[in-house]
Amino acid sequence: QFIFGVDFLQVVGFFGLGISFAFKDLLENLIAGAVIILQNRVKIGDMIQVGPIRGKVMEIQTRAMILKAIDGTEIMVPNSHLMNAAIINFTAHRSRRIEFTVHVDWDCDLEKAKQVILDTLQKKEHVLKKPSPQVLVKNIGESTMVLTARFWIDPQNRSRSFIVLKSELIQEVKQALDQNGILIPYPLYSYLDKKREIRSASGSGSSLEQSVQTES
């Protein structure tokens with residue numbers, strides 16, 4: 001037990017304790033990685049979010065999960081962190097609901113506005129027929145009616161991201177409303193009309209240039 005006056009068993013005990021602390025995180029990550037792989041709830045190619053971290057799953061290693069963020073950066077998330085945090089999987093199912101709000105003029109034909117938006121959603125490729133799109137009245141503002149456009153997509157369809165699809169639909173809805181004479185909220189038009197009146201009263205930029213040339 002005693003070697004050169006030193007308690008050898010005590011030294012081994014302290015040494016073992018140090019090793020256990022050093023490998024604690026490694027063992028936790030190994031066990032968590034095995035659990036993640038066995039459960040098969042998160043797969044390669046899934047788009048997930050863990051806290052503020054969002055990215056596409058590229059690898060599931062024994063120690064960490066490798067994510068590719070939207071901006072192309074690589075993120076390593078320890079497996080033990082994944083076991084203790086809430087994970088949002090955006091591509092776990094074959095349907096995902098996307099929505100955005102549309103403000104229309106108070107005096108517009110509300111049923112017509114809803115139908116125009118609904119027709120735009122139904123005609124759009126990559127928008128699922130079932131569940132069917134919806135257009136609901138969300139709120140009544142001081143000078144605007146607020147509508148909510150809801151539609152479902154297949155998040156596992158890699159040909160078009162939901163961000164691009166949502167952007168295209170907002171633009172197409174705006175164009176469809178313009179074509180059908182449905183105005184955006186009145187205060188904005190009031191501001192533009194007032195601005196045109198100020199411009200016409202003060203004169204155009206060309207008249208200003210002519211006055212400058214005359215003085216010179």
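How many residues does the hairpin that joins β9 to β10 pass through? The hairpin linking these two strands runs through 3 residues.

## Basis of the model

This is a predicted model, in which local features need pLDDT of at least 70 and side-chain atom pairs count only at pLDDT 80 or more, whereas totals for chains, interfaces and linings use all residues. Residues are numbered from 1 along each chain as its sequence is written, and side-chain values use heavy atoms, with hydrogens and water left out.

## Overall composition

The protein contains 7 helices and 10 strands, taken as DSSP runs (H or I of at least four residues for helices, E of at least two for strands) and numbered from the N terminus. Of its 216 residues, 26% count as buried, a term that means under 20% relative accessible area, with exposed meaning over 50% and partly exposed in between (1.4 Å probe, protein chains only).

The protein exposes about 14,800 Å², of which carbon and sulfur atoms supply 57%; accessible areas come from the Shrake-Rupley method with a 1.4 Å probe, and for residues only the protein chains shown count as cover. Among contacts (heavy atoms within 4.5 Å) with a separation of 6 or more, 59% are between residues 24 or more positions apart.

## Strand β10 and its partners

Strands are said to pair if DSSP finds at least two bridges between them. Strand β9 (residues 134-140) pairs with β10 in the antiparallel sense over 6 bridges, and Ile140 stands opposite Met145 of β10. Strands β8 and β10 also run antiparallel, joined by 10 bridges, and here Arg97 has Trp152 in β10 as its bridge partner.

Because 8 of its 10 residues are buried, β10 is largely enclosed by the rest of the structure. Phe151 lies in this strand and is buried, with a relative accessible area of 1%. Leaving aside residues up to four places away in sequence, Phe151 touches a set of residues including Phe100, Leu121, Leu165 and Leu169. The C-alpha atoms of Phe151 and Phe100 are separated by 9.3 Å, although these residues are 51 residues apart along the chain.

The 14 residues of α4 should span 20 Å at 1.5 Å a residue, and its end C-alpha atoms are 20 Å apart, which agrees; the expected span is 1.5 Å times one less than the number of residues. At the start of α4, a side-chain oxygen of Asp109 reaches to within 3.3 Å of the backbone nitrogen of Glu111. The buried residues of α4 are Ala113, Val116, Ile117, Leu118, Thr120 and Leu121, and they pack against β8, β9, β10 and α5.

In α5, the buried residues include Leu165, Leu169 and Val173. Seen down the axis of α5, its buried residues fall within an arc of 100 degrees (taken from the directions from the helix axis to the C-beta atoms), so they line one face of the helix. Their cover includes β8 (96-105), α4 (110-123) and β10 (144-153). After α5 comes Gly181, whose phi is positive, near 70 degrees.

## Lys124

Lys124 is found in the loop between α4 and β9 and is buried, with a relative accessible area of 13%. The side chains of Lys124 and Glu172 are joined by a polar contact of 3.0 Å, meaning a pair of N or O atoms within 3.5 Å in which, within protein, one must be able to donate a hydrogen and the other to accept it, with residues adjacent in sequence counting only if both atoms are side-chain atoms.
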